[in-house]
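Thanks for sending this one over. Here are my notes, point by point, for you to follow with the model open beside them.

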Amino acid sequence: MARHQPPEARNFDVVIIGSGAAGLTAALNLAERFKVAVLAKGDIAAGSTAWAQGGIAAVLEPGDTFESHIEDTMIAGAGLNHRATVEFVVENAARAIDRLADLGVPFNKGENLSERWHLTREGGHSHRRIVHVDDATGWAVQQALTKAATAHPNITLVPGMVAIDLITSAHVQGERFAARAAHGVYALDAASRQVQRFVARAVVMATGGASRVYQYSTNPDGSTGDGIAMAWRAGCRVSNMEFNQFHPTCLFHPTVKNFLITEACRGEGGHLKLPPAEGATADGSRFMDRYDARLELAPRDVVARAIDAEMKRLGLDHVLLDISHLGADFVKQHFPMIYARLLELGIDCTVQPIPVVPAAHYSCGGVMVDLAGRTDLAGLWAAGEVTQSGLHGANRLASNSILECLVFGQAVADDIAANWEATSRPPAIRPWDESRVTDSDEEIVVVHNWDELRRFMWDYVGIVRTDKRLERAAHRVKLLRKEVAEYYGNFRVTPDLIELRNLVTVADLIVRSARARKESRGLHYTTDYPKLAAEAKDTLLDPVTARS
Ligand SMILES: Cc1cc2nc3c(=O)[nH]c(=O)nc-3n(C[C@H](O)[C@H](O)[C@H](O)COP(=O)(O)OP(=O)(O)OC[C@H]3O[C@@H](n4cnc5c(N)ncnc54)[C@H](O)[C@@H]3O)c2cc1C
């Protein structure tokens, strides 16, 4: 088809952007009544969900209580969590896990009759409450959800479709003053390079997080914060963007950049050590006792900062995580995927320690939603890592995030179904306008800006922050925003350009939020304000007042 003939709009009842745990949970719960399209920018299973190793937290053991899971979540979140959200998620956890088991997720069974599932313990949890499928839980969850969605006649899965922007009232044909609402999404078909219109009465944003805004990240390439940037441009508030979780233990390896060594390795008794023979003080000894009485079981932010401090103090490029003392049988049984992958890379973790570094892992902030996943924009709901629901506060407790996807994916579906009569039939939508752009002749601009952005975010907006570094970052973001906007205005969109545009927006939102927080709380640590403020307050950015 010639480029000047825009493809017909594709109409559904609901369009969901994202095919991870949040998007597919919403889809499966909507599909009994509605025709649903689920877009993914690459393969259906290419989001973070499939990469989750540790598991999913829920109160399932006699002796454990909702109150305890709630308290652990609030302690990790440094008091910034919204208690109502935490209660809602914790109380719905067991039901969400039952639904996954019904879909065929083969959670590891308990060791005796009184234990239905085998439960592990992770940092920050005061009980064993993590259900898992060996050390590849996310893969099993993604497979089960994808299989059920593929089999459902009312669900159309659309891989390779890169959402560019939400269709809102601004894109309605012949209408200049329609009420503000979401009516669908413009998306680039990565194969044909045509921009399509997916039009619906309800839109669900489930695009995952933004950790690829940093140079080192445990996330798949697609975690570029697209949904946060799209919602922001469409007029939604975003919140708490300064809280980026850095996973303490990503494999340090010259070629494999984002292989995570699960928290459960420390939960089961792994030790963090300094590498021997790196200098007089780096002697193979453990160091967590200098930072926290909980040692390796301290929450992630504490452990990541401790490793960062030791690396900076001694000029190291990594530290070690040793699980060899747990015994070869135990390691192979509990961490079969990690054991096999490391062995392929020449590291036998049953006899030698694993070199590790911290890396950007999880975005606690995102699009503001209420308990039904509603955003500020009529017709737009959101679920999963793209949101700030109030669950995580200033730091996410391990294994609470897939849980959030499952509980909010369901809540969004329930709310859309309950309020279907209030949604409106979509108006006629203008096709994507390519009349004033040409093909780029300088792809190098995208590659260069991409590298520059991720590097300064790592150096200036990383684990430890200062006012000066944040100011430098703000200056660079401003220059890049201008350059990328110019480029975007002149050239046809490509998947890389769409991601870069979103990454610049997300970097801007993170830097603005970090500069607004004049205290150290949870994952936001600044040497200029090392103390906790008396009052715990969300950082709220409003696109209506923040445009500059
Ligand atoms: C290595 C690793 C280990 C983890 N371990 C755990 C764990 O043990 N327990 C736990 O609870 N959590 C864990 N997490 C976090 C958890 O996996 C994620 O928070 C969660 O899976 C996010 O799910 P989601 O549905 O929100 O997004 P994702 O699963 O990331 O899915 C995002 C979807 O959005 C699509 N998308 C994005 N942008 C666009 C666009 N522009 N157009 C179209 N589609 C788009 C993607 O293609 C994808 O389908 C881990 C994360 C990582 C990276």
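1. Tyr 214 and Trp 458 are both buried, where buried means under 20% relative accessible area, exposed over 50% and partly exposed in between (1.4 Å probe, protein chains only). The rings of Tyr 216 and Trp 458 have centres 4.9 Å apart and planes at 80 degrees, so this pair is edge-to-face. As a reminder of the rule, rings of Phe, Tyr and Trp (its six-membered ring) pair if their centres lie within 6.5 Å, and planes under 30 degrees apart count as stacked, over 60 as edge-to-face and the rest as tilted. Tyr 216 sits in the loop between β11 and α6 and Trp 458 in helix α12, so the partners are 242 residues apart and the pair links distant parts of the chain. Tyr 216 itself is partly exposed, at a relative accessible area of 33%.

2. Before going on, a word on the model. It is a predicted one: local features need pLDDT of at least 70 and side-chain atom pairs count only at pLDDT 80 or more, while totals for chains, interfaces and linings use all residues. Residues are numbered from 1 along each chain as its sequence is written, and side-chain values use heavy atoms, with hydrogens and water left out. Helices (H or I, at least four residues) and strands (E, at least two) are DSSP runs, numbered from the N terminus.

3. Back to the rings: how many aromatic pairs are there by this rule? The count comes to ten. One of them is Tyr 214 with Trp 458, edge-to-face at 6.4 Å centre to centre and 75 degrees between the planes. Tyr 214 lies in the loop between β11 (202-205) and α6 (226-233), and Trp 458 in helix α12 (residues 444-460), so this pair ties together parts 244 residues apart in sequence. Ring pairs join Tyr 214, Tyr 216, Phe 246 and Trp 458 into a cluster.

4. Two arginines are worth a look as well. Arg 396 lies over the face of Tyr 362, 4.4 Å from the ring centre, and Arg 472 lies over the face of Tyr 460 at 5.8 Å. The test here is that NZ of Lys or CZ of Arg is within 6 Å of the ring centre and within 35 degrees of the ring normal.

5. Now the ligand. Of the 37 residues around the ligand, Thr 49, Ala 163, Asp 226, Glu 385 and Ser 401 come nearest; to be counted, a residue needs a heavy atom within 4 Å. A polar side-chain atom of Asp 226 is 2.7 Å from a ligand nitrogen, and an N or O atom in the side chain of Glu 385 is 2.7 Å from a ligand oxygen. Taken alone the ligand exposes 1000 Å², and the protein buries 97% of that (Shrake-Rupley method, 1.4 Å probe). The elements giving two or more residues to the shell are α1 (21-30), β8 (161-168), β16 (354-363) and α11.

6. Which way do the side chains of strand β3 (residues 36-39) point? Val 36 and Val 38 point one way, Ala 37 and Leu 39 the other, and all are buried. In a regular strand the side chains alternate between the two faces of the sheet. Strand β2 (residues 14-17) runs parallel to β3, joined by four bridges, and Val 15 has Ala 37 as its bridge partner. Strands pair if DSSP finds at least two bridges between them.

7. There is also an open sheet of three strands in the order β4-β6-β5, with antiparallel pairing. β4 (56-57) and β5 (119-120) are at the edges with a single partner strand each, so one side of each has no neighbour in the sheet. β5 pairs with β6 (residues 130-131) over two bridges, and Thr 120 has Ile 130 as its bridge partner.

8. Finally, please check two backbone angles. Most residues other than glycine have a negative phi. Leu 295 has a positive phi of about 50 degrees and lies in the loop between β14 (271-273) and α8 (300-314). Ser 399 has a positive phi of about 65 degrees and is found in the loop between β19 (387-388) and α11 (401-418). Leu 295 is partly exposed at 30%, whereas Ser 399 is buried at 6%.

Key. A polar contact is a pair of N or O atoms within 3.5 Å; within protein, one must be able to donate a hydrogen and the other to accept it, and residues adjacent in sequence count only if both atoms are side-chain atoms.
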